[in-house]
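Good morning, and thank you for joining this group meeting.

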Amino acid sequence: MASTDTTTTSAGKADDLAGLEAGLDALDAVQVRRTPVREVLLKKVLPPVTAVLLVLVVWQLLVTAQVTDEFKLPPPSAVWDSLSTMWLEGTLLDVLWTSVSRALLGFLMALAIGTPLGLLVARVKFVRAAIGPILSGLQSLPSVAWVAPAVLWIGLNDQMMYAVILLGAVPSIANGLVAGVDQVPPLFLRAGRTLGATGLRGAWHIVMPAALPGYLAGLKQGWAFSWRSLMAAEIIASSPELGLGLGQLLENGRNNIDMPGIFLAIILILLVGIAIDLLIFSPLERAVLRSRGLLVKS
Amino acid sequence: MATTATLAKAEEDRAAVTHAARIEHVSKSFGGPAGSQLVLDDISLDVAPGEFVTLLGASGCGKSTLLNLVAGLDRPSAGSIETPGGRPALMFQEHALFPWLTAGKNIELALRLRGVPKAERRPEAERLLELVRLGGSYRKRVHELSGGMRQRVALARALAQDSDLLLMDEPFAALDAITRDVLHDELTRIWRETKLSVLFVTHNVREAVRLAERVVLLSSRPGRIAREWTIGIPQPRRIEDAAVAELSVEITEELRGEIRRHGQH
């Protein structure tokens, strides 16, 4: 056995080592810095605001230069007037809510169907061979194509809208999950197996969390598809019983040759799509990526 | 205390078996379109309880393949492998920590998969982090740690499996020389404290001599055991020790001879 002398020297050595290691750690540690609010405003908020202002200025200039008839290109102020009229009549929020609630509910249903479907396609070889290609093919099929059969099968009602949303969004969500699972590094699977995470435990502890970024990207796209599908359905299948959504607003504008109304509808459709993405999906995606160190600061 | 009791029991178990791993006449070939290729040829090797063995060889000697076989990630084509202490722990060249978990939670996942009750996981993870001298890093994310710190967390996670046998697949190959040197010291310290058996794969002769009690040289294509050295230099050693250097020269000569054979036909 080691004598007392050796023990003291090795204890001294251990202290040396601890100090050396602490120094290395301090030198190597990755510095993580939160961006100050000022910088966020300057770098993230200012550029898009400038772009929007520029578009408005160009728009107004085109109107002032009278490049075309006023019923074809209304001035920004006329669109603003339509907006305030709707607000004063109290219909604006109703119209928005009709469409947004439909899209969100449809999206949630797509989520409930697309997630297990994606897992099946990703994990079961037979299912993947059978419906994998169809699922990715469906993504390139414009969902407006589903409106006609959906109206004939289901009729002019809310269920028809949901059917169109599902057909548009489910493939995106399922495909996102499949891509996420496919991109799980094999090293994680091997590490998981040596730790004893096999079968269902492996799926739960390793595959699902590792696939989360791809899944979230699929959800984001799924939302965009939900919204687009719903607008297609609302524009084509308008009927008084369906209530007034943004798509019908656009269609009504066309029927009444009300260009400010059409512009307003288009702008609102765009704004809602962007707002949901900015408020829900982008923060979620960023939080996941940041916690994994995958968000590269420029 | 319960831990002392388990330790004592583990001690008894270790005394009862004569080996932490027994590799007997193991061969492995991989099938390909051009016929199967023999990667490992009739390897027999025992790792005694508490022993530190390095497997040394040039590329193509199948050392990582052998480690995968011992880890149970793959099956040998012939022969048998016994690990009486259960599933061995395995450390890779890449840290293989899960980026969606903190350093502490990575270790807790290993504990959870081993069946450690929830209440005991946190203190045990903290203890293991202390052991690799990362006491304050429980909440750190993987990307916030340096390369050397990541490998230490990976070591702590491997230790969390509470296996008698730790397999290491070139775990320090991607680190800078200073960090690697420090981690050699750490590994030696932890090996002596925990009395683990270690099977360590490397292509770095000095690293092999610095760490091991026994160095096993594998020839390439197919991998066969070419020669063995028992290292008598007392620990703690340093990689720049004259005795380490002297033996390294001898082993390197042998390794070069093995490699040269492949250029002759």
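A residue is called buried if 20 or more other C-beta atoms lie within 10 Å of its own, exposed if 12 or fewer, and partly exposed in between, with C-beta atoms placed from the backbone. This is a predicted model, in which local features need pLDDT of at least 70 and side-chain atom pairs count only at pLDDT 80 or more, while totals for chains, interfaces and linings use all residues. Residues are numbered from 1 along each chain as its sequence is written, and chains are lettered from A and ligands numbered from 1 in the order in which they are written.

I start with A:Met160, a residue of helix 7 (residues 158–182) of chain A; helices are DSSP runs of H or I, at least four residues, numbered from the N terminus. Because 21 other C-beta atoms lie within 10 Å, A:Met160 is buried. Its contacts, meaning C-beta atoms placed from the backbone within 7 Å, include A:Ala150, A:Ile154 and A:Ala233, not counting residues up to four places away in sequence. The C-alpha atoms of A:Met160 and A:Ala150 are separated by 5.7 Å, at 10 residues apart along the chain.

I turn to the contact between the chains. Chain A contributes 29 residues and chain B 30 residues. On the side of chain A that touches chain B, helix 1 of chain A gives the most, with 10 residues.

Finally, chain B comprises domain 1 (42–88 + 163–260) and domain 2 (97–162), with bounds from an automatic or database domain assignment. Their C-alpha centres lie 25 Å apart, and 12 residues of domain 1 of chain B are in contact with 10 residues of domain 2 of chain B.

Conventions:
Contact = placed C-beta atoms within 7 Å. Helix = DSSP H or I, 4+ residues; strand = E, 2+ residues; numbered from the N terminus.
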